[in-house]
Structures are given as C-alpha cells and as structure tokens.
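The following exercises are to be worked with the sequence and the coordinates at hand. Each task is followed by a solution in steps.

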Amino acid sequence: MLVMMRYTFLPGAAGRAAYARFSHWSPSEGFEIKGGWTSASNDGGYLLLEVADAAALLQFSAQFKDLNGELDLMPVVELTDGIGIVQKAYEWVDSVG
C-alpha cells in the first residue's frame with residue numbers, strides 16, 4: 001500500500017534531532033521510502049511510503065513521534081490507476097441514479 005506522510009517538527013531542536021536519528025535508522029521488513037521531500041521552511045516534510053501493513057507504519061511513526069508536532073498518514077493510489085478506478089465508480093453511481 002502506498003501512503004503519503006506529512007510531518008512537522010516540534011519547536012526548537014526537534015528537527016535537528018530527527019535528522020540525526022534518521023541518519024541511524026534503517027527500514028523494517030515491509031517498509032520502503034519511495035520518495036521524500038523536506039519543506040523549504042525546514043519545519044517538516046513529506047514521505048511517500050510503500051508499506052505491507054499498518055503495523056509497519058506504527059513502528060516507523062513511533063520511532064519519531066516524540067519529535068513530531070503533526071504526523072498525517074494518507075493512503076494514496078497512483079494517478080493513472082486512480083483515474084480508472086474513479087471512472088468505474090462514477091459509472092456505477094450513474095447506473096443507480
């Protein structure tokens with residue numbers, strides 16, 4: 001499952017501590033970072049994750065939660081796949097009125 005994670009750091013030195021901790025971190029089985037972006041304001045960022053299950057997300061978020069102000073997790077679907085899925089859903093909606 002693909003998941004987009006948006007995170008912000010707590011005020012103070014949390015960002016510095018998070019980067020230091022992350023440099024020693026390695027992913028668990030069933031967890032892969034597909035892409036990552038740091039906000040230009042250096043107060044957080046975004047990660048695109050591929051995870052086997054919710055347990056992998058829980059383990060990762062618990063390793064950094066003490067440094068995060070906000071942590072939002074949203075399951076996502078690749079755009080080209082999503083368009084077809086949504087179009088089929090709209091067809092169904094149209095068929096039942």
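**Exercise 1. Salt bridges of lysine 34**

In this predicted model, the side chains of glutamate 32 and lysine 34 form a salt bridge, with an N to O distance of 3.7 Å. Determine which salt bridge joins lysine 34 to glutamate 50, and where the two residues lie.

*Solution.* 
Step 1. A salt bridge requires a side-chain nitrogen of Lys or Arg within 4 Å of a carboxyl oxygen of Asp or Glu. The side chains of glutamate 50 and lysine 34 meet at 3.3 Å, N to O, in a salt bridge.
Step 2. Glutamate 50 belongs to strand 3 (residues 44-51) and lysine 34 to strand 2 (residues 31-38); the pair is 16 residues apart and links distant parts of the chain.
Step 3. Glutamate 32 is partly exposed at 41% relative accessibility, lysine 34 is partly exposed at 44%, and glutamate 50 is partly exposed at 34%.

**Exercise 2. Sequence separation and distance in space**

How many Å apart in space are glutamate 91 and aspartate 72, C-alpha to C-alpha?

*Solution.* 
Step 1. Glutamate 91 is placed in helix 3 and is exposed, at 55% relative accessibility.
Step 2. Glutamate 91 and aspartate 72 are separated by 19 residues in sequence and by 31 Å in space, C-alpha to C-alpha.

**Exercise 3. The largest pocket**

Describe the volume of the largest pocket and the residues of its lining.

*Solution.* 
Step 1. The largest pocket holds about 230 Å³ of space. It is lined by 14 residues, of which Tyr7, Phe22, Leu47, Phe60 and Phe64 are the closest to its centre.
Step 2. Two or more lining residues come from each of strand 1 (2-9), helix 1 (14-22), helix 2 (54-64) and strand 4.
Step 3. By class, the lining comprises 11 nonpolar residues, 3 polar residues and no charged residues.

**Exercise 4. A nonpolar surface patch**

Locate valine 77 and decide whether valine 77 is buried or exposed.

*Solution.* 
Step 1. Valine 77 is found in the loop between strand 4 (68-76) and helix 3 (79-96).
Step 2. The cut-off for an exposed residue is over 50% relative accessible area; valine 77, at 51%, is therefore exposed.
Step 3. Val77, Ile85, Val86 and Tyr90 together form a nonpolar surface patch with about 400 Å² of accessible area.

**Exercise 5. Backbone of asparagine 42**

What is the phi of asparagine 42, and is it positive or negative?

*Solution.* 
Step 1. Most residues other than glycine have a negative phi.
Step 2. Asparagine 42 has a phi near 60 degrees, a positive value in a residue other than glycine.
Step 3. Asparagine 42 is located in the loop between strand 2 and strand 3 and is partly exposed, with 46% relative accessible area.

Note on methods
Residues numbered from 1 in each chain as written. Predicted model: local features only at pLDDT ≥ 70, side-chain atom pairs only at ≥ 80, totals over all residues. Heavy atoms only, no water. Patch = residues over 30% accessible without salt bridge, like charges linked within 9 Å, V, L, I, M, F, W, Y side chains within 5 Å. Areas by Shrake-Rupley, 256 points an atom, 1.4 Å probe, with all protein chains shown as cover. Helix = DSSP H or I, 4+ residues; strand = E, 2+ residues; numbered from the N terminus. Buried < 20%, exposed > 50% of the residue type's maximum accessible area, 1.4 Å probe, protein only. 1 Å grid on protein atoms, 1.4 Å probe; cavity = no way out; pocket = protein on both sides within 12 Å on 5 of 7 lines; lining within 4 Å. Points joined across faces, edges and corners; volume = space filled by probe spheres on them. Nonpolar A, V, L, I, M, F, W, Y, C, P; charged D, E, K, R; others polar.
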